[in-house]
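Reader: I'm new to reading protein models. Could we walk through one together, feature by feature?

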Amino acid sequence: MGNEEPAVMQKIVSLCKRRGFLFQSSEIYGGMNGCWDYGPLGVELKRNVKEAWWSEMVTHHDDISVLPGAASAYEMTGLDCSILMHPQVWKCSGHYDLFHDMMIDCKESKRRYRHDQVRGRWALLDDKRVFVTAICEPEEESEALMARAQKCFGLRAKERDRIGWDGEVVSLETVEDFDQVFGPDAKETGTLTEPREFNLMFKTNMGALFDEKSVAFLRPETAQGIFVNFKNVVDSSRVRIPFGIAQVGKSFRNEITPRNFTFRVREFEQMEVEFFCHPDSSQEWYRYWRDRRMQWYKDLGLSDSRLILREHSESELSHYSTGTADIEYAFPFLPEGEYGELEGIAHRGDFDLRSHMEGKLNPATDPLEVEVDERGKPVHRGSGKDLSYRDPVTNDKFLPHVIEPSAGADRATLAFLCEAYTEDMAPDEKGEMQGRVVLKFHPRLAPIKAAVLPLVKKDGMPEAAQEIYRDMKREFPVFYDNKGAVGRRYRRMDEAGTPFCLTVDGQTLEDGTVTLRDRDSMEQTRLPVDEAKQAIREAIRC
Ligand code: GAP
């Protein structure tokens with residue numbers, strides 16, 4: 001993350017490193033772009049996010065009553081599929097042909113850029129007209145372009161006002177003649193190649209032979225593992241449509257410009273559900289999941305004012321989709337008024353099951369036409385297996401429609417971190433107000449639920465505190481800390497986002513009570529240990 005990031009984001013990134021939430025991958029070797037490691041606090045936070053999701057979607061899901069907004073009662077179940085799958089999966093899903101970005105290379109700097117992310121402006125000097133480009137944050141665009149134009153024309157700083165500008169800053173996509181383009185890292189014009197397709201799937205080889213036949217891909221989404229197992233789940237469990245299959249797991253995309261901390265990375269975790277329903281009720285289910293997923297983020301603490309539900313316009317929809325909505329969050333690294341995607345909820349119709357059954361449709365031409373080779377054979381053959389569903393009660397046979405709520409575990413974790421980051425005032429040991437940094441996580445997400453602190457390291461207090469600590473640790477993650485003044489220990493726990501601190505003092509030894517300090521209000525209440533435990537239990541249960 002560069003210096004240009006808004007100040008608050010820089011503070012979050014540095015807190016994450018200092019307190020062990022996130023580290024750059026392979027840092028001692030200079031780092032690995034687009035890959036991050038979760039540290040001791042980060043791994044607990046992300047596990048809690050994934051567990052909260054699994055609990056909401058699968059384990060604690062109520063499959064008997066009809067929930068508000070739902071078309072009927074429904075079941076939810078889970079899967080954990082392999083990352084490497086048969087290459088035909090990616091042909092039929094469309095990823096092999098369509099999952100790409102348009103890229104341009106710089107022949108001089110050897111850098112590669114996404115075509116739509118290079119922006120620039122026409123600069124004029126005497127009889128020269130050059131499209132000057134820069135890769136930078138929007139608020140730095142004009143200064144960066146001026147600096148690049150100065151370099152391009154070989155001017156000194158005081159000669160900058162000789163440069164004229166034609167039109168506004170626009171995407172490189174609007175430019176046809178690349179000879180006139182001054183690349184973002186180039187020393188001369190005309191070094192950029194024409195845009196070409198770059199598939200985002202990571203390619204590898206399976207087995208001893210490294211030839212075309214051994215090529216395999218790291219999955220770019222968890223969803224396809226669910227589709228290809230649809231029949232297995234129906235045949236092996238007692239689920240009846242409507243039902244959903246959930247999966248949480250790693251996905252890989254060779255993103256050209258990974259950026260914004262863990263927002264756009266090359267290795268990430270997805271939390272996806274494919275919800276199979278009758279085509280007649282699919283629109284109702286789409287609305288149901290869209291609203292329910294939005295509520296989940298709010299229930300776990302994301303504020304209304306930073307969240308939006310954005311319905312895709314007709315032109316944005318995939319040809320097979322009759323509705324897609326994105327849940328987006330106002331991340332602090334984005335300019336004011338801009339939002340980043342947390343989750344997409346898509347109505348996928350029967351596209352995936354049909355493709356895996358009959359072969360991939362060619363969306364570029366006619367969505368109803370199967371792509372064929374010169375002999376008329378389908379190029380992307382499906383499995384040939386009947387993936388339709390026969391209702392055991394009505395005997396109705398149909399190809400289910402699918403609603404897909406697809407979330408990113410890393411993006412959700414980052415949003416909860418950004419939302420939790422707060423700077424306020426707290427009294428120090430002398431009772432004087434000092435600035436404090438506190439992560440106000442929802443107690444359910446907090447990596448550590450409570451800290452047990454003996455007031456001083458003598459008079460039997462550490463022993464009593466350790467007993468409470470051992471007892472509580474059997475139920476939830478707690479931390480024991482006896483180092484330094486108690487005020488300083490509170491602030492360490494505030495930075496880790498620990499919602500409660502239990503302090504053991506002289507009175508504890510007499511009557512078994514402790515003080516329970518609330519992280520957010522900083523209020524302290526004296527109460528019996530069992531009641532303190534119960535208060536923590538209730539807060540994390542939500
Ligand atoms: N099966 C549908 C699917 O994969 P997607 O919109 O490409 O849809 C779903 O991805 C979610 O996965 C996104 O909303 C985002 O949260 C997460 N995601 C996608 N690409 C990501 C990346 N490069 N880095 C981090 N998270 C990513």
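Reader: Which residue just after helix 12 takes a positive phi?

Author: That's Gly497, with a phi of about 80°. Before we go on, note that this is a predicted model, where local features need pLDDT of at least 70 and side-chain atom pairs count only at pLDDT 80 or more, while totals for chains, interfaces and linings use all residues. Residues are numbered from 1 along each chain as its sequence is written, and side-chain values use heavy atoms, with hydrogens and water left out.

Reader: Okay, and how do I read a helix? Which residues of helix 12 are buried?

Author: The general idea: an α-helix has 3.6 residues a turn, so residues three or four places apart point the same way. Helices here are DSSP runs of H or I with at least four residues, strands are runs of E with at least two, and both are numbered from the N terminus. Buried means under 20% relative accessible area, with a 1.4 Å probe and protein chains only. Helix 12 covers residues 486-496, and its buried residues are Gly487, Arg489, Tyr490, Met493, Asp494, Glu495 and Ala496.

Reader: Now strands. In which sense do strand 26 and strand 27 pair?

Author: Two strands pair if DSSP finds at least two bridges between them. Strand 26 (residues 513-518) and strand 27 (residues 524-528) have five bridges and run antiparallel. Thr513 stands opposite Pro528 in strand 27. Their hairpin has five residues between the strands, and Met522 there takes a positive phi near 65°.

Reader: What about rings? How many aromatic pairs does the structure hold?

Author: A pair of aromatic rings is described by the distance of the centres and the angle of the planes. Rings of Phe, Tyr and Trp (its six-membered ring) pair if their centres lie within 6.5 Å; planes under 30 degrees apart are stacked, over 60 edge-to-face, and the rest tilted. This structure holds 25 such pairs. One of them, Phe230 with Phe243, is stacked, at 6.1 Å centre to centre and 5° between the planes. Phe230 is in helix 7 and Phe243 in strand 13, 13 residues apart. Phe230 is buried at 1% relative accessible area, and Phe243 at 0%.

Reader: How is the pair of Phe263 and Phe331 arranged?

Author: That pair is edge-to-face: 5.2 Å centre to centre, with 70° between the planes. The two residues are 68 residues apart, and both are buried.

Reader: Last one: which charged end sits over the ring of Phe263?

Author: A charge counts if NZ of Lys or CZ of Arg is within 6 Å of the ring centre and within 35 degrees of the ring normal. For Phe263 it's Arg411, 3.8 Å from the ring centre.

Note on methods
Buried < 20%, exposed > 50% of the residue type's maximum accessible area, 1.4 Å probe, protein only.
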